[in-house]
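Let's take a friendly walk through a protein model. Have a look at it first, and then we will go through some of its parts together.

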Amino acid sequence: MSNLYKSLKATFKSFILKLKSIKFSNSPPICKHKKNKMELDVLVFGSSNIDYITYVNDLPRSGETVFAMHRERCYGGKGANQCVAAAKLGARCALISKLGNDKLGAEYLEYLKELEINVDHVEMMDGQSTGLTEINVAENAQNMNIVLSGANLMLKATDASNAKKLFRHSKVLLCQLETDEKAVLYALNHFKGVSILNASPAHPDMNLELIKAPTILCCNRLEAAQLTNREQIDTLQDAKAAATDLIEMGAKSVIITMGDMGAIYLSSSEPDLCTQCPAAPVRYLADTSGASDAFLGSLAYHISIYPNLIRESHIIAANICAAYAVGHRGTQPSFPGPELFQERLCQFDPLYYIIDDDTGRDLNAGAAAEKTATAPVAAAEPAPVVPPIATPAATTSPEPMTTAEEIPAALADPRATGSPAAMIVSAGVAVPAAVTAAKTTTASGKKAAAQISNVNQMLKTSIESSHSKHFNHQ
């Protein structure tokens, strides 16, 4: 009996060995599998901080003492924030950063690993403390920040050089200015894909090479004013003038975020065509501290997933994610995830506006809009005006909620087709292209609009469902 068992065992082992030796034609090569595993959507070179967020009724003036209502601790730092924002949307991300060799640094590293972010080049530095950020948030959601860099100052050009594999296999690189500028410039110059520099914090004496190096230079209106030696930027025309100055300084393309006016975009390839992508509606204004990083992370994610779409598509999607973050407290906790159907936000033509050269007023000033030279002549009618978004009434203790409501449908990109789908904005007034072209919309165009309406309904239903589940758990 024992001999029979040994014989069967030997026969079975021989069969297994022969089976392993067979080369199946449909089996993928091992090297190809490893290459796919190495590919990354977003690579971030930047800071990692611990955020201490204090909520107050009003921000203190110089010499004034105010009482806080609540304080919380979050993981932060502009570099890590933007990396987490992209990762929560589903991007394959890697972070190059420095943490202190302390308890906070160890906890942060474990947290990043839980999010499945590649942390092979996140180093804990002996003798250094993890960076800290003090954030004060007022009741009107305005905030002021103080950063203690700590270990972030140890991030150098050699760290970018040591991460050559990550640089080769990543689609988009995100950088900021909370770390050594020379290291940031080295990283931008040695990346071959789409690079984005968030020029924050900005200053007038910033190295001009930092403006020239990235594919996209992104900043808010305050930072754009600092970079172009302006007192302030209030209107869309102000933003266009600042973007034009940055293009003349060598920038390849510029995005300036304008708060409730959305963002403007200008490219050196089309310096006469400055577009405005409107902001998404915000149902409840909770905390703006994470909005810019939510915007940048989403922008990088959508560029990596949809590289062939026009930039306005990516910006509109990023605006929706930023609006979601504004409606929730905290920095990284406020970032949206796949519940917002992020994979669908870029699949339709965006509705954006072209800004003219006239001296402008505010976005909701109500001046008439002029049509492009290629637009058909129409009877004299009052130009449609986008009304201001009403501010919701304050409640005693509202649950932070926001939703990216309707994603407006637009016609084909006028730069590609020469059609009057987008209109010039005169005196800062945003006029939807689809309004004047509605009479000539084809059947296929109406079908696309209907599909977008369906996606909008799915979006709203998903958000309402997620909030109802949240309340039930409470």
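Before going on, a word about the model. It is predicted, so local features need pLDDT of at least 70 and side-chain atom pairs count only at pLDDT 80 or more, while totals for chains, interfaces and linings use all residues. Residues are numbered from 1 along each chain as its sequence is written, and side-chain values use heavy atoms, with hydrogens and water left out.

**The whole chain**

The chain holds 15 helices and 15 strands. These are DSSP runs numbered from the N terminus, with at least four residues (H or I) for a helix and at least two (E) for a strand. Of the 474 residues, 47% are buried; buried means under 20% relative accessible area, using a 1.4 Å probe and protein chains only. Contact means heavy atoms within 4.5 Å. Among contacts between residues at least 6 apart in sequence, 71% join residues at least 24 apart.

**Helix H10**

H10 covers residues 236–248, and its 13 residues should span 18 Å at 1.5 Å a residue, which agrees with the 18 Å between its end C-alpha atoms. The expected span is 1.5 Å times one less than the number of residues. Among the buried residues of H10 are Leu 236, Ala 239, Leu 246 and Ile 247.

**The annotated binding site**

UniProt, in an unreviewed entry, places the feature "binding site" at Asp 287, Ser 289, Ala 325, His 328, Gly 330 and Ser 334. These positions spread over 48 residues of sequence, yet they cluster in space, with a largest C-alpha distance of 9.8 Å. Such annotations may be inferred rather than shown by experiment. His 328 lies in the loop between helix H12 (311–326) and strand E14 (353–355), and Gly 330 is found in the loop between H12 and E14 too.

| Residue | Relative accessibility | Class |
|---|---|---|
| His 328 | 12% | buried |
| Gly 330 | 0% | buried |

Leaving aside neighbours within four places in sequence, Gly 330 is in contact with residues including Ile 53, Tyr 55, Asp 287 and Ser 289.

**Two packed helices**

H3 (residues 78–89) and H11 (residues 291–305) pack at an angle of about 50°, with their axes 8 Å apart. Among the residues that meet are Ala 85 and Leu 89 in H3, and Leu 296 and Tyr 301 in H11.

Notes
Buried means under 20% relative accessible area, exposed over 50%, partly exposed in between (1.4 Å probe, protein chains only). Axes are lines fitted to C-alpha atoms, for helices over the stretch in contact, and angles run from 0 to 180 degrees between N-to-C directions.
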